[in-house]
Amino acid sequence: MERINKKRLDERTISQFVFIGFSLLLIILIVYPLWFVIIASFSNPADVANGEVWFWPKKIDFSGYGELFKQKQIWFSYLNTIIYTLAGTFIALAVNIPAGFAMSRKELHGKKWINLFYLIPMFVNGGLIPTYFVVKAFGLLDSFWVMVLPFSVSTYNIIVARTFFKSSLPDSLWDAAQIDGCGTIRFFFQIALPLSKSVLAVIGLWTAVGLWNSWFNALIYLNKESLQPLQLILRRILISNQSLLGAATGEMANELRRLSDMMKYAAIVVSTLPIMCLYPFLQKYFNKGVMIGAIKE
């Protein structure tokens, strides 16, 4: 018996080591590319190209960041992106979460047709040109609202919210609220929302990442430079550098190529670091069972 228990313990220890090793390997595969971009942003591009930069820069050089931040457009575009992300995320949550809650209610009349109404545009849409004319007809071109209003409704996010409310809010919770005289609106704001931090965090993060990285909508609908977001300005700066590089020769071309390569890495860090900082604060809601014990309480 003792020999069997020892054998099981050895097998369990080996399994744990294998699992830990695989997890560490997976973490390295995910984290290392991000770390490499960061260290490459203040390394000499020649050292990076020659494979001399692995875990730490051979020689620290912040000239890429210096050249990038010399561009005046960076600062107001950064502010624009922050405002678009905050306002757009709030509007998206205010639209999609109540819609998902309504779709999860059994007493909603015509739910089948409303589902169909939401699903069809998810797979079939009018395309870019009709969408442009609709945006223009509403007077949203070259305005702040074109970045946060027309595309705030997401069928996928509504389906995610609906599924969460259906699976996580038991009928007994609604019945108990009704006994206490609680209506649907009050139930949503005072009971459903406080118990829905996980789905709020997930949908909010998805929306925020999409808005932060958005550049195509700005390219199509915004002509005013003062309203353009960070990603579009970075794209313009990098394209401009490539044009200058093509016209330069000799030593000047080598210097421009060096700065251009460093600015590319710096632009990646500048554009992704702020939104990545949100993950540690929202990660706990992804796997947290917020409904555990809700009925008992």
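Is Gln242 buried, partly exposed or exposed, and what is the relative accessible area of Gln242? In this predicted model, local features need pLDDT of at least 70 and side-chain atom pairs count only at pLDDT 80 or more, while totals for chains, interfaces and linings use all residues. Residues are numbered from 1 along each chain as its sequence is written, and side-chain values use heavy atoms, with hydrogens and water left out.

Gln242 is partly exposed, at a relative accessible area of 37%; buried denotes under 20% relative accessible area, exposed over 50%, and partly exposed the range in between, for a 1.4 Å probe and protein chains only. The residue belongs to helix α12, which covers residues 230-247. Helices are DSSP runs of H or I with at least four residues, strands are runs of E with at least two, and both are numbered from the N terminus. Apart from residues up to four places away in sequence, Gln242 touches Ser260 and Lys264, where contact means heavy atoms within 4.5 Å. A distance of 10.0 Å separates the C-alpha atoms of Gln242 and Asp261, which are 19 residues apart along the chain.

For the protein as a whole, the model contains 14 helices and zero strands. The order along the sequence is accordingly written α-α-α-α-α-α-α-α-α-α-α-α-α-α. Buried residues make up 34% of the 297 residues. Among contacts with a separation of 6 or more, 72% join residues 24 or more positions apart. The accessible surface is about 18,800 Å², and carbon and sulfur atoms contribute 67% of that area. Accessible areas were computed by the Shrake-Rupley method with a 1.4 Å probe, and for residues only the protein chains shown count as cover.

Two further residues illustrate contacts across the sequence. Ile74, in helix α4, is buried with a relative accessible area of 0%. Its contacts, leaving aside neighbours within four places in sequence, are Leu68, Phe69, Leu230, Ile233, Leu234 and Ile237. Ile74 and Ile233 are 159 residues apart along the chain, yet their C-alpha atoms are separated by 6.8 Å. Ala267 lies in helix α13, residues 250-276, and is buried with a relative accessible area of 4%. With neighbours within four places in sequence left aside, Ala267 is in contact with Leu68 and Leu234. The C-alpha atoms of Ala267 and Arg235, 32 residues apart along the chain, are 9.1 Å from each other.

Two packed helices are described by the angle between their axes and the distance between the axes. The axes of helix α4 (residues 73-104) and helix α9 (residues 184-192) come within 12 Å and cross at roughly 120°. Axes are lines fitted to C-alpha atoms, for helices over the stretch in contact, and angles run from 0 to 180 degrees between N-to-C directions. The crossing of α4 and α9 is right-handed; a crossing is right-handed if the near helix is turned clockwise from the far one by less than a right angle, and left-handed if anticlockwise. Helix α4 contributes Ile97, Pro98 and Phe101 to the contact, and α9 contributes Thr184, Phe187, Phe188 and Ala192. Six of these residues are nonpolar, one is polar and none is charged. Ala, Val, Leu, Ile, Met, Phe, Trp, Tyr, Cys and Pro count as nonpolar, Asp, Glu, Lys and Arg as charged, and the others, Gly among them, as polar.

Thr155 lies in helix α7, residues 155-168, and is buried at a relative accessible area of 13%. A polar atom of the Thr155 side chain lies 3.0 Å from the backbone oxygen of Tyr118. Beyond neighbours within four places in sequence, Thr155 is in contact with Tyr118, Leu119 and Met122.

Most residues other than glycine have a negative phi. Asp142, although not a glycine, has a positive phi of about 55°. Asp142 is placed in the loop between α6 (128-137) and α7 and is partly exposed, with a relative accessible area of 23%.

Methods. A polar contact is a pair of N or O atoms within 3.5 Å; within protein, one must be able to donate a hydrogen and the other to accept it, and residues adjacent in sequence count only if both atoms are side-chain atoms.
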